[in-house]
Amino acid sequence: MHRYIRKGTVLGTHPVFGPGAKSASNQNFVLTPTNEEEVLVAAKTRQYLEERGANVSIMSPLEHDQMMSVVLGLAHFIAIVSADTLLSFEKFQEMKKIGGTTFKVLYTLMESVISEDPELYASLQMSFPNIKEIEGLFQTRTKLWVDMVKNNDKQGFVKENE
């Protein structure tokens, strides 16, 4: 932003919620000041948002991007892979009808991601810093859990869950 906006003060702001939010109350915002002037604006912005019930975090742009790799990148990746897996089942619609709370939470996550523009999510997946390492760690951890199930290692499963 600093490269293109030469006059005035620029404050990187990421409202971490979708367009369906009706107010700032209970919503998350990340502010990313990069100099002292922006730090002052961030403090005023934080106060304004918190007075309206928002949750505000202030961090560097790099820290924001690294955290978003997990917060958005991993969450979207899990949703996309879960949707791809569940849609492979012939009786998926019946599962949706009989699913409990955990399934409904997973379905809501999947639905929120796959109903959006796939170009956006592809772009995010390809550009988040460290996403390959994060998704690699996810694959490693997935293999560990799959192996415990394959080997009927109930004791290991319980121990890893503690």
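Author: **The rings and their surroundings**

Following the sequence, the protein chain runs β-β-α-β-α-α-α-α-α-α. That pattern holds 7 helices and 3 strands; helices (H or I, at least four residues) and strands (E, at least two) are DSSP runs, numbered from the N terminus. Keep in mind that this is a predicted model, where local features need pLDDT of at least 70, side-chain atom pairs count only at pLDDT 80 or more, and totals for chains, interfaces and linings use all residues. Residues are numbered from 1 along each chain as its sequence is written, and side-chain values use heavy atoms, with hydrogens and water left out.

The C-alpha trace spans about 60 × 35 × 30 Å along its principal axes. The radius of gyration is 20 Å, while a compact globule of 162 residues would have one near 15 Å (it is taken over C-alpha atoms, and the globule rule is 2.2 Å times the number of residues to the power 0.38). Of the 162 residues, 25% count as buried; buried means under 20% relative accessible area, exposed over 50%, and partly exposed in between, with a 1.4 Å probe and protein chains only.

Now your rings. A pair of aromatic rings is described by the distance of the centres and the angle of the planes. The whole structure has 5 aromatic pairs: rings of Phe, Tyr and Trp (its six-membered ring) pair if their centres lie within 6.5 Å, and planes under 30 degrees apart count as stacked, over 60 as edge-to-face and the rest as tilted. One of them is the tilted pair of Phe92 and Phe103, at 6.5 Å centre to centre with 55° between the planes. Phe92 sits in helix α3 (residues 92–98) and Phe103 in helix α4 (residues 101–114), so this pair ties together parts that are 11 residues apart in sequence. Phe92 has 6% relative accessibility, so the residue counts as buried.

Another pair brings together Trp145 and Phe157: the ring centres are 4.9 Å apart and the planes meet at 85°, so this one is edge-to-face. Trp145 belongs to helix α6 (residues 131–150) and Phe157 to helix α7 (residues 154–161), so parts 12 residues apart in sequence are tied together. Trp145 is partly exposed at 24% relative accessible area, and Phe157 is partly exposed too, at 32%. Back at the other pair, ring pairs link Phe92 and Phe103 with Tyr107 into a cluster.

What lies elsewhere among the helices? Ala122, in helix α5 (residues 118–127), is 19 residues from Phe103 in sequence and 25 Å from Phe103 in space, C-alpha to C-alpha. His76 is part of helix α2 (residues 61–86) and, at 10% relative accessibility, counts as buried. Beyond its neighbours within four places in sequence, His76 is in contact (heavy atoms within 4.5 Å) with Val113, Tyr121, Leu124 and Gln125.

Finally, check the loops on either side of α6. Most residues other than glycine have a negative phi, and most peptide bonds are trans. Asn130, in the loop between α5 and α6, has a positive phi of about 65° although it is not a glycine. Asn152, in the loop between α6 and α7, also has a positive phi, about 50°, and is not a glycine. Asn130 is partly exposed at 41% relative accessible area, whereas Asn152 counts as exposed at 69%.
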